[in-house]
Amino acid sequence: MSKRIEHDFLGEKEIPQDVYYGIQTLRALENFHITGIPLKVEPIFVKSLGYVKKAAAMANRDLGVLDKNIAEYIIKASDRVISGEFDNQFLSDLIQGGAGTSVNMNANEVIANVALEMMGKQKGEYEFCHPNNHVNCSQSTNDAYPTAFRIALILKLTAYKEELGKLADAFDTKGKEFQNVLKMGRTQLQDAVPMSLGDEFHAFAINLKEELSRVDSSKRLIAEINMGATAIGTRVNAPEGYAELVTQYLCEVTGLDLKLAENLIEATNDTGAYVQLSGVLKRTAVKVSKICNDLRLLSSGPRAGLNEINLPPMQPGSSIMPGKVNPVIPEVVNQTAYYVIGADLTVTMAAEAGQLQLNVMEPVISFSLFTAITYMGNACRTLREKCILGITANAEHTKQMVMNSIGIVTQLNPILGYEKSASIAREALETGKSVHDIAVKEKKLITQEKWDEIFTFDNMIRPQFINR
């Protein structure tokens with residue numbers, strides 16, 4: 001295989017002639033064997049790096065600090081990166097030292113070498129288009145990396161929000177389907193008062209729909225960028241007006257409503273928006289996991305559990321117990337939620353670890369947020385497609401449990417008072433008799449007509465106060 005020689009201030013290295021990355025990317029490949037997950041696994045991040053380099057070249061061209069001919073080749077090369085044509089050249093490990101310098105240089109080198117080929121030059125002939133002098137013109141890793149990261153987050157959140165919304169809608173659909181299914185509500189795993197299974201599922205939907213607005217709030221925070229800050233926010237090596245112009249071009253090429261931070265020094269060292277977003281993802285994960293716990297309880301049995309609903313059977317549940325089917329989809333979503341909750345702690349600690357004018361821990365923040373968003377989106381889709389849409393209700397069984405429950409005695413409180421109602425409950429518990437038989441037939445505390453008025457389906461799921 002033919003090779004080319006590239007150099008940096010540490011020395012020289014041989015680079016395979018067929019690759020588009022250069023010496024600094026090669027050093028990253030040699031140094032960072034951490035996750036085994038290369039940058040190309042997050043193609044939206046690669047695309048976002050392309051957006052940043054394109055907008056920078058456009059601004060530098062207009063401000064006269066970059067030769068127009070070189071700028072046009074960088075713009076065209078960036079477009080090819082944005083299209084995904086060179087994703088396989090982005091190989092830096094997602095967790096790395098250097099505050100993301102290796103990722104930034106991976107982009108600079110690939111775009112420079114693509115531009116060189118388009119010029120009719122050989123890869124590595126950097127005198128015609130240099131990764132640092134030209135592609136990275138008016139930039140630092142400390143503004144280019146976080147800006148690309150934020151753009152990628154917004155794009156990923158758009159797809160994630162869609163999956164979360166579909167999951168909420170699926171619960172709403174089931175809520176309508178189960179609206180006339182009577183069941184016993186429970187508190188502390190004990191019988192409480194009757195309700196509709198539909199209302200239970202509608203509550204799941206509303207619980208998740210609340211999170212959609214939280215995602216939007218986080219996206220607005222993430223949309224504030226520090227492009228043009230260069231090293232620490234003082235705009236060193238950037239021409240007058242560059243920060244504003246490159247932000248304008250970024251809005252144009254991405255179609256996003258990005259905002260230049262008011263104070264670039266503050267924006268360069270602050271990672272609070274990532275903590276906020278991570279907290280939103282954690283909050284949603286907790287909610288989804290709690291719902292999965294409920295689904296597992298409601299479907300427990302089938303003969304020695306609650307057995308109120310049936311989850312679609314997805315696979316045999318045991319290597320030793322024939323006929324056993326486990327709630328594997330809620331289980332896998334539970335486990336995904338645990339990962340996202342743990343990733344939030346990683347983001348929190350990494351954000352706290354910032355020192356002075358820069359937080360060098362952004363690579364682990366990006367890894368944590370990218371994976372958390374991806375995993376939660378996958379979990380929402382899996383839960384909807386493989387579980388929620390196929391749930392059925394055991395309506396007769398749930399009704400029998402309600403009418404045989406001691407919990408319905410609560411609705412006699414306004415008529416009989418707490419003491420008499422408690423006495424009925426105690427006797428029912430001790431003897432196994434129904435509340436109905438004790439209150440109506442034996443003690444004759446209320447008439448059958450009054451019982452029927454109290455315990456209509458509508459009054460049990462939408463209780464109206466009924467006096468004596």
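View 1. The chain exposes about 21,300 Å². Carbon and sulfur atoms supply 52% of that area. This is a predicted model. Of the 468 residues in the chain, 53% are buried.

**View 2. The whole chain and its dimensions.** The chain holds 17 helices and eight strands. Along the principal axes, its C-alpha atoms fill a box of roughly 100 × 50 × 35 Å. The radius of gyration is 31 Å, whereas a compact globule of 468 residues would have one near 23 Å. Among contacts with a separation of 6 or more, 70% link residues 24 or more positions apart.

**View 3. Charges of the chain.** The chain carries 48 positive and 55 negative charges.

**View 4. The cis peptide bond at Pro302.** Gly301 and Pro302 are joined by a cis peptide bond, with omega about 10°. Pro302 sits in the loop between helix H10 (272–298) and strand S7 (309–310). Most peptide bonds are trans.

**View 5. Leu189, a positive phi between two strands.** Leu189 lies in the loop between strand S3 (182–187) and strand S4 (190–196). Its phi is near 65°, a positive value in a residue other than glycine. Most residues other than glycine have a negative phi. Leu189 counts as exposed because its relative accessibility is 64%, and the cut-off is over 50%.

**View 6. Leu356, a positive phi between two helices.** The loop between helix H11 (328–352) and helix H12 (362–386) holds Leu356. Phi of Leu356 is positive, near 55°. With a relative accessible area of 74%, Leu356 is exposed.

Definitions and conventions
Residues are numbered from 1 along each chain as its sequence is written. This is a predicted model: local features need pLDDT of at least 70, side-chain atom pairs count only at pLDDT 80 or more; totals for chains, interfaces and linings use all residues. Side-chain values use heavy atoms; hydrogens and water are left out. Helices (H or I, at least four residues) and strands (E, at least two) are DSSP runs, numbered from the N terminus. The radius of gyration is taken over C-alpha atoms; the globule rule is 2.2 Å times the number of residues to the power 0.38. Buried means under 20% relative accessible area, exposed over 50%, partly exposed in between (1.4 Å probe, protein chains only). Contact means heavy atoms within 4.5 Å. Accessible areas come from the Shrake-Rupley method with a 1.4 Å probe; for residues, only the protein chains shown count as cover. Lys and Arg count as positive and Asp and Glu as negative; His and the chain ends are not counted. The place of a charge is taken as NZ of Lys, CZ of Arg, CG of Asp or CD of Glu.
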